[in-house]
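Look at the model below and follow a few of its side chains, one after another.

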Amino acid sequence: LEGAEAWTLPEFELKDDAARTVRRADLAGKPWVAAFIYASCSGQCPMMTAKMKALRARLPEAFLVSFSVDGGDTPQKLAAYKKTYGADWLFLTGGKGVVAQLCKDGFKLAVADGLDPADPIIHSDKLVLVDRDSRVRGFFDPSDAAHLASLASALKSL
């Protein structure tokens, strides 16, 4: 984070798209990039997934994690979402409110229930860089090519 202190993510325990338990400690030891999506999203989530896919193509060694902010997203729904978008990285989900709380308290990003049935969950479209010690190091706008380039560069430097 430019001119600011990084902070450590709180402990978490979520399920991946194969229903395996994943904890914060499982992601420690390597830098990673987080995105927030949900399977039934027809708005920004497919775009964010495409940007993560582009990041994967640019940096095949990058460790990527997509967190579902929809407590109703099951591992099976995330597996289907991954298949639809040809995603080959980690997708995580938790029970109702679990990821939303992690998003707010851990990543310090907004998430809320939407008023429009077509957009039931309002959430950040930022990509988040996390270092090997589970500290948030920066936020990047996936629709900005310069931001994606500096994310790739920052990821390599960690």
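The side chains of Arg56 and Asp88 make a polar contact at 2.9 Å. A polar contact is a pair of N or O atoms within 3.5 Å; within protein, one must be able to donate a hydrogen and the other to accept it, and residues adjacent in sequence count only if both atoms are side-chain atoms. This is a predicted model, in which local features need pLDDT of at least 70 and side-chain atom pairs count only at pLDDT 80 or more, while totals for chains, interfaces and linings use all residues. Residues are numbered from 1 along each chain as its sequence is written, and side-chain values use heavy atoms, with hydrogens and water left out.

Arg56 belongs to helix α2, residues 44–58. Helices (H or I, at least four residues) and strands (E, at least two) are DSSP runs, numbered from the N terminus. The side chain of Arg56 also reaches the backbone oxygen of Ala62, at 2.5 Å. Is Arg56 buried or exposed? Arg56 has a relative accessible area of 15%, so it is buried; buried means under 20%, exposed over 50% and partly exposed in between (1.4 Å probe, protein chains only). Beyond its neighbours within four places in sequence, Arg56 is in contact (heavy atoms within 4.5 Å) with Ala62, Leu64, Asp88 and Trp89. Arg56 and Trp89 are 33 residues apart in sequence, yet their C-alpha atoms are 8.7 Å apart in space.

Another polar side-chain contact joins Ser68 and Asp73, at 2.6 Å. Ser68 is in strand β5, residues 63–68, and counts as buried because its relative accessibility is 1%. Leaving out residues up to four places away in sequence, Ser68 touches several others, including Ile37, Leu92 and Val99.

Next come the aromatic rings. The structure holds 10 aromatic pairs. Rings of Phe, Tyr and Trp (its six-membered ring) pair if their centres lie within 6.5 Å; planes under 30 degrees apart count as stacked, over 60 as edge-to-face and the rest as tilted. Phe67 and Phe107 form an edge-to-face pair, because their ring centres are 5.5 Å apart and their planes stand at 65°. Phe67 lies in strand β5 and Phe107 in the loop between α4 and β7, so this pair ties together parts that are 40 residues apart in sequence. Phe67 is buried at 0% relative accessible area, and Phe107 also counts as buried at 0%. The rings of Tyr81 and Tyr85 have centres 4.6 Å apart and planes at 45°, so this pair is tilted. Tyr81 and Tyr85 are about one helical turn apart because four residues separate them in helix α3, residues 75–85. Tyr81 is buried at 4%, whereas Tyr85 is partly exposed at 29%. Phe12, Trp32, Phe36, Phe67 and Phe107 form one aromatic cluster.

Most residues other than glycine have a negative phi. Lys108, in the loop between α4 (98–106) and β7 (111–113), has a positive phi of about 60°. Ser134, in the loop between β9 (127–130) and β10 (135–140), has a positive phi near 65°.

Finally, consider the protein as a whole. It has five helices and 10 strands, and buried residues make up 46% of its 158 residues. Among contacts between residues at least 6 apart in sequence, 66% join residues at least 24 apart.
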